[in-house]
Amino acid sequence: MNRQHSQRPTWRTRLAVGAGKAAALASRVSGRGSGGMIGGTVARRIDPDVLAHLAHGRRVVLVTGTNGKSTTTAMAAAAARVGGPVATNANGDNMDAGAVSALMSRPSAVAVLEIDEMHMGQVAAACDPEVIVLLNLSRDQLDRVGEIGTVERHLRAVVDAHPRAHIIANADDPLIASAAWDAPSVTWVSVGAPWRADSVGFPRGGGSVVWEGETWRVPSTEYARPTPDFTVTDDGLVTRGRTLPIRLEVPGRANRGNAAQAALAAHHLGIDLADALDACASVRSVAGRYATYRVREREVHMLLAKNPAGWQEALTMIDYSTPSIVVAVNGQVADSTDLSWIWDVDFEEFCRDSAGKRVVVTGERGLDLAVRLTYAECEVTFAPTVTAALAQCAPGRVELLANYTAFRDAKRLFEAEVRRAKGETK
């Protein structure tokens with residue numbers, strides 16, 4: 001089905017696309033970035049409606065939520081490619097400009113786009129999405145974005161404004177359920193809810209959420225966990241007595257849920273569900289996440305965590321058979337300058353699992369984390385830089401868990417190291 005809401009391209013659009021592609025190329029050639037943001041920014045300056053023009057006639061999938069957007073988008077794009085070319089913002093450029101760059105890259109292709117929660121309104125209005133994937137909602141960058149109720153209301157408004165869109169929603173997250181409650185067309189997926197600290201109150205009516213095992217309800221109201229159409233279990237994706245296996249190359253129970261919602265989005269586009277799940281297994285790394293870098297005599301496995309719920313989940317992805325673990329924390333604007341939330345994360349379990357391992361903390365706020373881990377009865381050492389932290393680790397595999405800017409900086413450092421090593425071997 002073609003979407004008819006978006007506007008047809010104009011001569012201004014063609015000029016904008018040409019200039020945007022040139023800016024993106026210049027950014028890549030100069031080594032300043034991937035070009036995903038600057039290309040779209042330039043194009044939007046020339047044609048403010050370029051996103052709507054580029055989306056005209058396309059089938060569009062939008063993926064949003066606090067955690068897992070990039071991985072789910074990568075999996076949904078891989079699954080959608082079973083049916084043909086796909087335009088996607090693979091580098092996580094998830095605001096309006098990033099969406100423009102993605103659509104510029106592949107004219108007329110199906111679009112699978114990761115979108116920041118607070119930019120969903122603008123992007124959805126321009127793209128008229130066929131499918132919206134709602135993953136989860138939890139606290140994230142409160143000093144920059146705002147409290148979680150504001151985000152829920154924003155997503156609820158997006159759902160209400162696009163009644164033709166099919167919603168793939170996490171039934172186990174009360175905040176997501178609230179946002180999707182009135183959707184005319186919705187697939188409810190049970191992916192589990194290990195983090196419940198931000199789902200105490202229900203946004204509609206303000207009642208308290210009561211958990212009963214794996215389900216939830218709001219007493220004296222109609223609101224309760226929707227009956228799932230699909231359930232993610234250890235065996236796979238279950239529906240109507242049928243179980244489809246979920247076999248992934250990326251770790252963690254959360255990624256099984258991400259794969260399920262990604263595959264269901266592709267299935268709505270016409271891809272066989274089993275084929276879509278198989279395609280999700282082709283995702284091994286997402287913008288450096290889950291990648292392993294050879295750094296001198298060490299194999300550094302990279303994990304990213306950006307907020308309390310994400311940290312709680314990422315701690316379960318660590319390979320605790322590894323002798324060395326590095327945890328890097330910065331406190332820049334992109335990370336949230338207020339890191340008091342680290343006291344909400346169950347680092348006590350991490351300390352039990354990492355007993356006997358070398359644990360090194362680093363980063364601008366590494367000492368804050370060292371204090372938290374000390375209270376959790378974890379033996380840690382501090383290093384001023386990632387390089388110095390790795391120097392404290394034995395040769396071999398090292399697990400590195402970092403927040404946003406610490407991850408970004410470490411990735412750049414390791415990529416430079418890989419290039420240097422290749423240069424030495426030529």
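**Ground rules**

I am working with a predicted model, in which local features need pLDDT of at least 70 and side-chain atom pairs count only at pLDDT 80 or more, while totals for chains, interfaces and linings use all residues. Residues are numbered from 1 along each chain as its sequence is written, and side-chain values use heavy atoms, with hydrogens and water left out.

**Entry 1: the nine-strand sheet**

I looked up the strand order of the open sheet of nine strands and found β2-β3-β1-β4-β5-β6-β9-β10-β11, with mixed pairing; two strands pair if DSSP finds at least two bridges between them. The edges are β2 (86-88) and β11 (242-244), each of which pairs on one side only. On average, neighbouring strands in this sheet are turned by 20° against each other, direction ignored. For such angles, axes are lines fitted to C-alpha atoms, for helices over the stretch in contact, and angles run from 0 to 180 degrees between N-to-C directions.

Within this order I checked β6 (residues 186-190) and β9 (residues 230-232), which pair in the parallel sense over two bridges, and I noted that S190 has T231 of β9 opposite. I then turned to helix α4 (residues 69-80), which lies across β1 (60-64), β2, β3 (110-114) and β4 (131-134) and runs at about 170° to β3.

**Entry 2: A102 in helix α5**

I found A102 in helix α5 (residues 96-105), and with a relative accessible area of 4% A102 is buried; buried means under 20% relative accessible area, exposed over 50%, and partly exposed in between, for a 1.4 Å probe and protein chains only. Leaving aside residues up to four places away in sequence, A102 touches A87, T88, N89 and L113, where contact means heavy atoms within 4.5 Å. I also looked up P323, which is 221 residues from A102 along the chain, and the C-alpha atoms of A102 and P323 are separated by 40 Å.

**Entry 3: helices α6 and α7**

I next checked how α6 (residues 120-127) packs with α7 (residues 148-161), and the angle is about 10° with the axes 9 Å apart. That makes α6 roughly parallel to α7, since angles under 35 degrees count as roughly parallel, over 145 as roughly antiparallel, 65 to 115 as roughly perpendicular and the rest as oblique. M120, G121 and A124 of α6 make the contact with H154, L155 and V158 of α7. I sorted the residues of this contact into four nonpolar, two polar and no charged, counting Ala, Val, Leu, Ile, Met, Phe, Trp, Tyr, Cys and Pro as nonpolar, Asp, Glu, Lys and Arg as charged, and the others, Gly among them, as polar.

**Entry 4: strand β14 and the six-strand sheet**

Which order do the strands of the open sheet of six take? I read β12-β13-β17-β14-β15-β16, again with mixed pairing, and the edge strands, each pairing on one side only, are β12 (292-295) and β16 (381-382).

Five of the five residues of β14 (residues 324-328) are buried, so β14 is largely enclosed by the rest of the structure. S324, V326 and A328 point one way from the strand, and I325 and V327 point the other way.

β14 runs parallel to β15 (residues 358-362), joined by five bridges, and V326 has V360 as its bridge partner in β15. With β17 (residues 396-402), β14 pairs in the parallel sense over five bridges, and V327 stands opposite L401. V360 also has a bridge partner in β16, namely T381.

I then looked at the helices around β14. β14, α12 (residues 347-353) and β15 make a right-handed β-α-β unit, a crossover being right-handed if, with the strands pointing away from the viewer, the path from the first strand over the helix to the second runs clockwise. Helix α11 (residues 308-317) lies across β13 (298-304), β14 and β17 at about 170° to β17, while α13 (residues 366-375) lies across β14, β15 and β16 at about 140° to β15.

**Entry 5: two positive phi values**

Most residues other than glycine have a negative phi. I noted D128 with a positive phi of about 45°, in the loop between α6 and β4, and R296 with a positive phi of about 55°, in the loop between β12 and β13. Are they buried or exposed? D128 counts as buried at 6% relative accessibility, whereas R296 counts as exposed at 54%.

Definitions and conventions. Helices (H or I, at least four residues) and strands (E, at least two) are DSSP runs, numbered from the N terminus.
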